[in-house]
Amino acid sequence: METSNNVIITVETTVNKPIEEVWKCWTEPQHITGWSFASDEWHAPKAENDLRDGGRFLTRMEAKDGSFGFDFSGTYDEVKTNEYIAYTLDDERKVTITFFSLENETRIVETFEAEASNPVEMQEAGWQAFMDNFKKYCESQN
């Protein structure tokens, strides 16, 4: 996939949990499989995460009806625990995620380079749906 003229998209959410809990939900494979999909018709049956500079990650996303699936994977460029993650997707697009501690809440801001295959609005809506699903999942954890 080619990037779309270096268009940068930003999505964000605020989670009603402290940053340490949000970080665990975002980064631990047993949690990633609980939220890393955009709608109820999808799921993430597998996640691997070597969370360190130079480490690799992979999340398998599949339609629950078995009609389609893909791997979302890349390499970490920089990781600062409870603060920041930067990675490069396998298609060479860059992504950054910044975590802001707001007492008992955490604001997450994610930016990514758009790809050229789909409309920017569709990509933004899709990535925002992941954010919304993450917020719902994380807030449901004890």
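Reader: Why is Trp26 called buried?

Author: In this predicted model, Trp26 has a relative accessible area of 10%. Buried means under 20%, so Trp26 counts as buried.

Reader: What makes Trp26 and Phe134 an edge-to-face pair?

Author: Two values decide that. The ring centres of Trp26 and Phe134 are 4.8 Å apart, and rings pair if their centres lie within 6.5 Å. The planes of the two rings stand at 75°. Planes over 60 degrees apart count as edge-to-face, so that is the name for Trp26 and Phe134.

Reader: Which parts of the chain does the pair of Trp26 and Phe134 tie together?

Author: Trp26 belongs to helix α1 (residues 19–27), and Phe134 belongs to helix α3 (residues 120–140). The pair therefore ties together parts that are 108 residues apart in sequence.

Reader: Is Phe134 buried or exposed?

Author: Phe134 has 0% relative accessibility. The limit for buried is under 20%, so Phe134 counts as buried.

Reader: What makes the aromatic pair of Phe112 and Trp127 stacked?

Author: The angle between the planes of Phe112 and Trp127 is 15°, with 3.7 Å from centre to centre. Planes under 30 degrees apart count as stacked, so the pair of Phe112 and Trp127 has that name. Phe112 lies in strand β7 (residues 105–115) and Trp127 in helix α3. Their pair ties together parts that are 15 residues apart in sequence. Phe112 and Trp127 are buried.

Reader: How many aromatic pairs are there by this rule, and which residues form one aromatic cluster?

Author: The count comes to 15 aromatic pairs. One aromatic cluster is formed by Phe57, Phe72, Tyr76, Tyr87, Phe112 and Trp127.

Reader: Are Cys25 and Cys138 buried or exposed?

Author: Cys25 has 4% relative accessibility, and Cys138 has 1%. Buried means under 20%, so Cys25 counts as buried, and Cys138 counts as buried too.

Reader: What makes Arg60 and Asp71 a salt bridge?

Author: Their closest N and O atoms are 3.2 Å apart. The cut-off is within 4 Å, so Arg60 and Asp71 form a salt bridge. The pair links distant parts of the chain, with Arg60 in strand β3 and Asp71 in strand β4, eleven residues apart.

Reader: How do you know that Arg60, Glu62 and Asp71 belong to one network?

Author: Glu62 also forms a salt bridge with Arg60, with the closest N and O atoms 3.1 Å apart. Salt bridges that share partners join Arg60, Glu62 and Asp71 into one network.

Reader: What about Lys17 and Glu21?

Author: Lys17 forms a salt bridge with Glu21, and the closest N and O atoms are 3.5 Å apart. Lys17 has a relative accessible area of 11% and is buried, whereas Glu21 has 33% and is partly exposed. A search of the whole structure finds eleven salt bridges.

Reader: How much space lies in the largest pocket, and which residues lie nearest its centre?

Author: The largest pocket holds about 950 Å³ of space. Its lining has 36 residues, and Met61, Phe70, Phe72, Trp127 and Phe130 lie nearest the centre. The lining residues divide into 20 nonpolar, nine polar and seven charged. Among the elements that each supply at least two residues of the lining are α1, β3, β4, β7 and α3.

Reader: Where is Asp132 found, and why is Asp132 called partly exposed?

Author: Asp132 is in helix α3. Its relative accessible area is 41%, and exposed would need over 50%, so Asp132 is partly exposed. Asp132 and Ala38 are 94 residues apart in sequence and 8.3 Å apart in space, C-alpha to C-alpha.

How values were computed. Residues are numbered from 1 along each chain as its sequence is written. This is a predicted model: local features need pLDDT of at least 70, side-chain atom pairs count only at pLDDT 80 or more; totals for chains, interfaces and linings use all residues. Side-chain values use heavy atoms; hydrogens and water are left out. Buried means under 20% relative accessible area, exposed over 50%, partly exposed in between (1.4 Å probe, protein chains only). Rings of Phe, Tyr and Trp (its six-membered ring) pair if their centres lie within 6.5 Å; planes under 30 degrees apart count as stacked, over 60 as edge-to-face and the rest as tilted. Helices (H or I, at least four residues) and strands (E, at least two) are DSSP runs, numbered from the N terminus. On a 1 Å grid over the protein atoms alone, a cavity is a set of points where a 1.4 Å probe fits but cannot get out, and a pocket is an open set with protein on both sides within 12 Å along at least five of seven lines; lining residues have an atom within 4 Å of a point. Grid points are joined across faces, edges and corners, and a volume is the space filled by probe spheres set on the points. Ala, Val, Leu, Ile, Met, Phe, Trp, Tyr, Cys and Pro count as nonpolar, Asp, Glu, Lys and Arg as charged, and the others, Gly among them, as polar. A salt bridge is a side-chain nitrogen of Lys or Arg within 4 Å of a carboxyl oxygen of Asp or Glu.
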